[in-house]
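Here is a chain to go through by question and answer. Look at the structure first, then read on.

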Amino acid sequence: MALFEIVMPKLGESIIEATIIRWLKKEGDTITEDEPIVEIATDKVDSEIPSPVAGVLKKLFFHENDIVAVGQVIAVVEMGGSISAEAEEIQPSASLTPDAAVGPSLNVQPQQETVKQTTRFYSPLVKSIAKEENLSLETLEKIKGTGKGGRLTKTDLLEYLKHAAAQPAIEPASQKPTQISRPLMAQKTSPYAATAMAGDEIIEMDRMRKLIADHMVGSVHTSPHVASFIEVDVTNLVRWRDRIKDSFAKREGEKITFTPVFVEAAAQALKEFPNVNASVEGYNIIRRRNINIGMAAALPNGNLIVPVIKNADQKNLLGLAKEVNRLANNARTNKLEPDDIAGGTFTITNFGTFGSLTGTPIINQPQVAILGIGVIKKKPVVIETEAGDMIAIRHMMILSLSYDHRIVDGALGGMFIKRMAELLEKFDSLRAL
């Protein structure tokens, strides 16, 4: 019988490992194609891994709570028959072995002579926080968890730390920040470090906010940022949405926003100016074949995440509207999958949601440009007509483009954003959806 190896999939550009939460199938079970076999967790999202093939689950190479590297074989499926006698002899063919994975134990304090084992699950995020706070596994075992099955959540751990008695922090040498993972924020000796004064409240960043902070600082240190701005008359676009929004909501059961139109225009402009849909690697320019447009979205905790619309140039406006709504809803309900936030080649962020006229967004590395959308406001504008110039009330907005000056010069950035403006101003207000 043919054997098929199931590997830990790539779960995002920055994710190199995941924790096995729970096996949904056991050795000897018959499984169908696309049937979930295991639940996994990363620092960003929880997810399930489906089997790419149908057959019998012949061998599992890891236990629950094991941390597994991306690309490592986690199971073998025998296709087209019942489990055979040589099942117990199978070994994973990947270069890593199960012994190389980190088991359920934590990196407890160095002074401990033994490492205590536990059957309680701790997510990678909880383990990371515990490691940063130098908490032993014994301490974690005593903290009450409010998650499913008594699982210790990030909120539980942060609440414990908030109320725990203050102790002098001792940072193990193994946790010394590196320039890659913590480029500037972790440098506590910065000459610009702030000091707390009487009455100030000190709030530690949560894990995601730390990652965002480091990502932003790293981006500014990586790319020389330049910004261009253009004012756009989007009256036709506003009229179009006003005309179709009620019928669309009745027909589709969801709202239509301006975002799909901005994504459509950006995808068209990126096709015409491919050096904006690119990345930089040393002195090489990587032109991306796919046009995958990320859209910054707010999470319930106030942090931002960038779900990605894959192959945006290949979708019609209705398809874009559906995908925008799906990703936005999943972001609000914490249901984004790892693939939803991976592979972006260009990003759009909407300042107008909060009433801002414009802004200068920071590039989402390793991309080379990001589009900022300002608020749409009615204002008097001089327009040209066959009868001469006249003043009219129009719906106006400002687009901003931040770009990496290493490969995107002012001319290219200016042409790109001008093309965006042309596409939006010429939008057909009678267009069907």
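**Helix packing and local geometry**

The crossing of α5 and α7 is right-handed; a crossing is left-handed if the near helix is turned anticlockwise from the far one by less than a right angle, and right-handed if clockwise. Helices (H or I, at least four residues) and strands (E, at least two) are DSSP runs, numbered from the N terminus. This is a predicted model, in which local features need pLDDT of at least 70, side-chain atom pairs count only at pLDDT 80 or more, and totals for chains, interfaces and linings use all residues. Residues are numbered from 1 along each chain as its sequence is written, and side-chain values use heavy atoms, with hydrogens and water left out.

Q: How are α5 and α7 placed to each other: roughly parallel or roughly perpendicular?
A: Their axes are 14 Å apart and the packing angle is about 70 degrees. Axes are lines fitted to C-alpha atoms, for helices over the stretch in contact, and angles run from 0 to 180 degrees between N-to-C directions. Angles under 35 degrees count as roughly parallel, over 145 as roughly antiparallel, 65 to 115 as roughly perpendicular and the rest as oblique. So α5 and α7 are roughly perpendicular.

Q: Which residues of α7 meet α5?
A: Contact means heavy atoms within 4.5 Å. On the α5 side, Trp240, Phe248, Arg251 and Glu252 take part. Their partners in α7 are Leu317, Leu318, Ala321 and Lys322.

Q: What span does α7 reach from its first C-alpha to its last?
A: Helix α7 covers residues 317–332, 16 residues in total. The expected span is 1.5 Å times one less than the number of residues. For α7 that expectation is 22 Å, and the helix comes close to it, reaching 22 Å.

Q: Which strands are included in what covers the buried residues of α7?
A: Buried means under 20% relative accessible area, exposed over 50%, partly exposed in between (1.4 Å probe, protein chains only). The buried residues of α7 include Leu320, Val324 and Leu327. Helices α5 and α6 are part of the cover. The strands included are β12, β13, β14 and β15.

Q: Is Glu323 buried or exposed?
A: Glu323 lies in helix α7. Its relative accessibility is 16%. Glu323 therefore counts as buried.

Q: How do α6 and α8 lie: oblique or roughly parallel?
A: Their axes come within 9 Å and cross at roughly 135 degrees. The crossing is right-handed. Residues that meet include Phe262 and Ala266 in α6, and Phe416 and Met420 in α8. The two helices are therefore oblique.

Q: Which helix is included in what covers the buried residues of α8?
A: In α8, the buried residues include Leu412, Ile417 and Leu424. Strands β9, β16, β17 and β19 are part of their cover. The helix included is α6.

Q: Which residue is joined to Pro366 by a cis peptide bond?
A: Pro366 lies in the loop between β16 and β17. Omega of the cis bond is about 5 degrees. The residue joined to Pro366 is Gln365.

Q: What is the phi of Asp34?
A: Asp34 lies in the loop between β3 and β4. Asp34 is exposed, at 54% relative accessible area. Although not a glycine, Asp34 has a positive phi of about 70 degrees.
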